[in-house]
Amino acid sequence: MNFRFSVWLALALCATAAPALGASDARAPENACQDLYRLTDVDHAVEPGVVMPATDDVPAHCRVRGVIDGTIGFQVTMPVEGWRERLMFHAVGGTAGVLGDTGSLLSKGFAMATTDTGHKSVTTQGSEFARDDNALINFGFRAIHLTTVLAKRLVAAFYGREVRYSYITGCSNGGRAALVEALRYPEDFDGVIAGAPASGWGREIVPWGVAAHRKQRANPLDEASLALLDANSKQACDALDGLADGIVGNPTQCTLDVLNLEGLECTGGETSGCLTVGQIDTARFLYTGVVDDEGQVLSPGVLPGAEAAGEWQIWVTGNPAFLALPGHEGMGGIVRDLFHRKPGFDLEQFDPVTDRVELAEASVSVELPEPDFGAFRAGGGKLLIYQGWQDVPCRALELLNYVSRAEALSGGREGMAEFSRIYMVPGMLHCVAGPGAWAADYIQPMVDWVEQGRPPERLVAHQPGIVDWLDAFGAVASGQVDWYPRAMEAGAGHADARRFSRPLCPFPERARYTGSGDPDDAASFTCVAD
């Protein structure tokens, strides 16, 4: 027996022989928490747990950190009292590289878990990890699964009983990761909440961003342009949903013909309150998307209706207070990192139409698999997706294309409805913010569905008094799982802001004003199918 195998066997036997650390009521939580290090083995480095004292917002809890497979950082938290046999996993957005929230649901009886997915990110758009195959695979799907398996072991060891209900939530890349879990590891979670899932990371989002940056570079829009486009969208399309309320609530009907961008062209020496021909071309691309030589839309554009709400500024014109570069310009770095093995690669030669297949192949670890939810459905899993209609980086029509493919594999729309709900949110940007009613609680409806068998139908969302994306991002602390109450609390501090509520209807239904009652009250709306 060689030395390495002897060490491995000794560690494995110690881990197997360790008692259920929380099995005895007489054991102090501090001891049970500290002893979680016993789950360390050749693949898992687990720190001794620490009992963190209660604060105004977070109850006393056991916090344990560690590393899986030498690179995957994780954190698990467990309330000392009041655990209701639940685990919530927070899948981090962006390019990950940081740990997510593990505190916001402890007071509601959840244990919580998160992972940095196996790399450390210095910037919000850092993609250098994509040059490492192991890191890319971990980011794409492996890290969350391995952390979930370990988190369940840690929770069971601390409490002396197994997790009964397991959930995962995330937005943007976190939404993508949540869908990946349902598709690749359908046994991991009972309830999956996927917000604005990046349903085409290398196939759609990155090529579209590169093309958008090139259009902006050639004929740049500025903040005045965005304000003009915003006003034009509202004037042309606000009332298409049956109510003029400052929200383009039915944006799929707000076509280029209806927008009439040519009517914004500067004439007679005008230099303000209008757009140049080049700026109109940029705007037309942003609304339309990437189109091939046959006129087929390969990556759909942004739907009109919230151009001045802060997100176009971040992704198109740039906002140095948030990102060093406009978000779309940053997509070029992702392409370079994914193509790092391609000799003499020149980003300027990258074609968002013809080279997208090769890019998707390079990012296959991150791409969503085909949406066959059969195993997840058979195991009793429940899926809830929410998406802002006016989202810029994760555009709504791309998600609906993915959902359409899922329906084809699930017995049509009725088959999908047996285990899933999709909520398209009018006037909502990427994960948060926008002029619409964007703040809603998706966690409790999912808990009621999984634990009580009550599927969600009509939900109620609120405009909390925050429209700008950066304001909303700061209000929810960007990483909070239970962000709805934070948004409502922050919005209440905006004394002069407009507040209202709207129903969120399961897609393809939408909210329509009944014609009577307060138009700022969700009770005055009904869910209808066009």
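The exercises below work through aromatic pairs, charges over rings and a pocket in a predicted model.

In this predicted model, local features need pLDDT of at least 70 and side-chain atom pairs count only at pLDDT 80 or more, while totals for chains, interfaces and linings use all residues. Residues are numbered from 1 along each chain as its sequence is written, and side-chain values use heavy atoms, with hydrogens and water left out.

**Exercise 1.** Find how many aromatic pairs there are, and describe the pair of phenylalanine 322 and phenylalanine 473.

*Solution.* Rings of Phe, Tyr and Trp (its six-membered ring) pair if their centres lie within 6.5 Å, and planes under 30 degrees apart count as stacked, over 60 as edge-to-face and the rest as tilted. By this rule the count is 19 aromatic pairs. Phenylalanine 322 and phenylalanine 473 are edge-to-face, with 5.3 Å centre to centre and 85° between the planes. Phenylalanine 322 lies in the loop between α9 (311–317) and α10 (327–338) and phenylalanine 473 in helix α16 (residues 469–475), so the pair ties together parts that are 151 residues apart in sequence; helices (H or I, at least four residues) and strands (E, at least two) are DSSP runs, numbered from the N terminus.

**Exercise 2.** Decide whether phenylalanine 339 and phenylalanine 345 are buried or partly exposed.

*Solution.* Buried means under 20% relative accessible area, exposed over 50% and partly exposed in between (1.4 Å probe, protein chains only). Phenylalanine 339, at 6%, is buried, whereas phenylalanine 345, at 23%, is partly exposed. The two form an edge-to-face pair, 5.1 Å centre to centre with 70° between the planes.

**Exercise 3.** Identify the ring over which the charged end of arginine 395 sits.

*Solution.* A charge sits over a ring if NZ of Lys or CZ of Arg is within 6 Å of the ring centre and within 35 degrees of the ring normal. For arginine 395 the ring is that of tryptophan 208, 3.9 Å from its centre. Arginine 86, in turn, lies over the face of phenylalanine 110, at 5.1 Å from the ring centre.

**Exercise 4.** Describe the lining of the second largest pocket.

*Solution.* On a 1 Å grid over the protein atoms alone, a pocket is an open set of points where a 1.4 Å probe fits, with protein on both sides within 12 Å along at least five of seven lines, and lining residues have an atom within 4 Å of a point. This pocket is lined by 28 residues, and among those nearest its centre are Trp389 and Arg510. The largest share, four residues, comes from β15.
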